[in-house]
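Welcome, and please take a moment to look over the sequence and the fold.

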Amino acid sequence: MKLILREYNLKLKHTFTISRESIDVQPSLIVELQSDGFSGFGEATSNPYYHITVPMMIQDLEKIRAIIESTENETPEVFWAKMHPYLKDDMFALCALDLAYNDLYARKKGKKLYELWNYKTDHNPMTDYTIGIDSIEKMVFKMKELPWPIYKIKLGTKEDIAIVKELRKHTNSIFRIDANCGWGVDETINNAVELKKLGVEFLEQPMKADNWEAHKEVFKHSVLPVIADESCIIEEDVAKCFNHFHGVNVKLVKCGGLTPGKRMIEEAKKLGLKTMVGCMTESTVGISAIAHLLPQLDYVDMDGALLLAEDIATGVTIKDGVISYSDLNGTGVTLL
């Protein structure tokens with residue numbers, strides 16, 4: 001097996017702002033694994049919140065190149081378990097590698113990933129489209145630029161309710177709110193009351209990740225469901241979220257890829273938690289991998305490639321929130 005690493009700087013259509021940062025360009029690593037005439041592709045982006053850079057990921061993968069390239073025909077589960085000890089401190093690199101290996105494995109089997117997993121795609125959820133923090137005028141412009149059935153609104157300002165009230169004047173679409181750890185307990189409980197009146201479906205990670213007492217208090221009193229994001233990173237976190245959140249948002253880069261992501265979703269379902277997978281601002285390489293988990297999800301946020309000025313790959317396509325799979329096997333990705 002041959003490992004190929006490619007570094008990209010993904011340019012965004014608009015400056016993207018959340019409660020803790022703004023970006024115009026997103027650095028990204030694409031991993032390609034070649035074997036027996038097949039190629040599999042995976043992706044992970046840099047992330048300052050988690051102190052991850054593309055050069056760091058490349059360095060961590062280069063250290064174990066010989067081990068990666070000596071692998072032949074193991075299942076993705078065995079491969080992930082073999083790689084985890086080497087990459088346990090860089091789950092983003094492990095994710096890119098795991099996505100590429102799952103893609104390659106399914107292509108060798110002549111199947112799409114969801115077919116390999118025996119998932120039925122009849123009732124796949126639609127994806128939301130994210131509106132980052134900006135002036136109200138620009139947020140309205142972004143909504144009008146791309147009419148969509150579900151919007152995820154990034155908040156965490158002093159004017160959050162006023163922002164949503166104004167946005168509501170311009171669309172009947174469902175709203176989801178992501179405060180990215182920007183609120184306190186009383187603020188979350190009170191905001192939930194107002195936001196429910198404004199057609200908000202749920203709140204995502206309103207408070208700081210490690211404030212479990214606060215999460216429990218909000219869980220008891222919020223009139224809207226609350227979904228964990230920064231509080232649910234790796235597999236062990238799913239059980240912690242029980243009785244503290246109503247659901248979990250699994251991010252593949254944070255947990256180390258599709259292989260552990262599937263296990264997290266299964267665990268969440270057993271605990272009666274709602275299931276969601278979210279994305280980073282990433283290309284169609286990473287987004288196409290997420291698409292194969294759709295049959296297991298209640299909600300999905302996989303709009304990352306829609307935020308780009310120019311994509312670097314083809315794969316799944318998204319129109320009006322509805323995801324369509326590529327005709328190709330694996331995750332269906334081709335690099336442009």
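Is N243 buried, exposed or partly exposed? N243 is partly exposed, with a relative accessible area of 36%; buried means under 20% relative accessible area, exposed over 50%, and partly exposed in between, using a 1.4 Å probe and protein chains only.

## About the model

This is a predicted model, in which local features need pLDDT of at least 70 and side-chain atom pairs count only at pLDDT 80 or more, while totals for chains, interfaces and linings use all residues. Residues are numbered from 1 along each chain as its sequence is written, and side-chain values use heavy atoms, with hydrogens and water left out.

Helices here are DSSP runs of H or I with at least four residues, strands are runs of E with at least two, and both are numbered from the N terminus. Phi of N243 is near 65 degrees, which is a positive value in a residue other than glycine.

D36 is another such case: this residue is not a glycine, yet its phi is positive, at about 55 degrees. You can find D36 in the loop between β2 (21–35) and β3 (38–45). With a relative accessible area of 58%, D36 is exposed.

## Helices α3 and α4

Next, look for helix α3 (residues 76–87) and helix α4 (residues 91–109), whose axes come within 10 Å and cross at roughly 160 degrees. Axes are lines fitted to C-alpha atoms, for helices over the stretch in contact, and angles run from 0 to 180 degrees between N-to-C directions. The angle makes α3 roughly antiparallel to α4; angles over 145 degrees count as roughly antiparallel, under 35 as roughly parallel, 65 to 115 as roughly perpendicular and the rest as oblique. The crossing of α3 and α4 is right-handed, a term used if the near helix is turned clockwise from the far one by less than a right angle, with anticlockwise giving left-handed.

On the α3 side, the contact is made by P76, F79, W80, M83, H84 and L87, and α4 brings M91, A93, L94, L97, D98, Y101, N102 and Y105. Contact means heavy atoms within 4.5 Å. Sorted by class, the α3 and α4 contact has 11 nonpolar, 2 polar and 1 charged residues. Here Ala, Val, Leu, Ile, Met, Phe, Trp, Tyr, Cys and Pro count as nonpolar, Asp, Glu, Lys and Arg as charged, and the others, Gly among them, as polar.

## Helices α8 and α9

How do α8 and α9 lie to each other, parallel or antiparallel? Helix α8 (residues 185–197) and helix α9 (residues 212–221) pack at an angle of about 20 degrees, with their axes 9 Å apart, so these two are roughly parallel to each other. Their crossing is right-handed.

V185, T188 and I189 of α8 meet A214, E217, V218 and H221 of α9. The residues of this contact divide into 4 nonpolar, 2 polar and 1 charged.

F41 is in strand β3 and counts as buried at 9% relative accessibility. F41 and L99 are 58 residues apart in sequence, with 6.5 Å between their C-alpha atoms. Setting aside neighbours within four places in sequence, the contacts of F41 include L99, A100 and D103.

D128 sits in the loop between α5 (113–116) and β4 (129–131), buried with a relative accessible area of 0%. Its C-alpha atom is 9.1 Å from that of D320, 192 residues apart along the chain. Beyond four places in sequence, D128 is in contact with several residues, among them W148, R176 and D301.

V226 lies in strand β8 (residues 226–228) and is buried at 3% relative accessibility. Not counting residues up to four places away in sequence, V226 touches L203, P206, V218, F245, H246 and G247.

## Cysteines

How many disulfides does the structure hold? There are 0, a disulfide being a pair of cysteine sulfur atoms within 2.5 Å. For C181, the nearest cysteine sulfur, that of C241, is 12 Å away. C181 is buried, at 12% relative accessible area.

For C255, the nearest cysteine sulfur belongs to C95, 6.9 Å away. C255 is buried too, with a relative accessible area of 2%.
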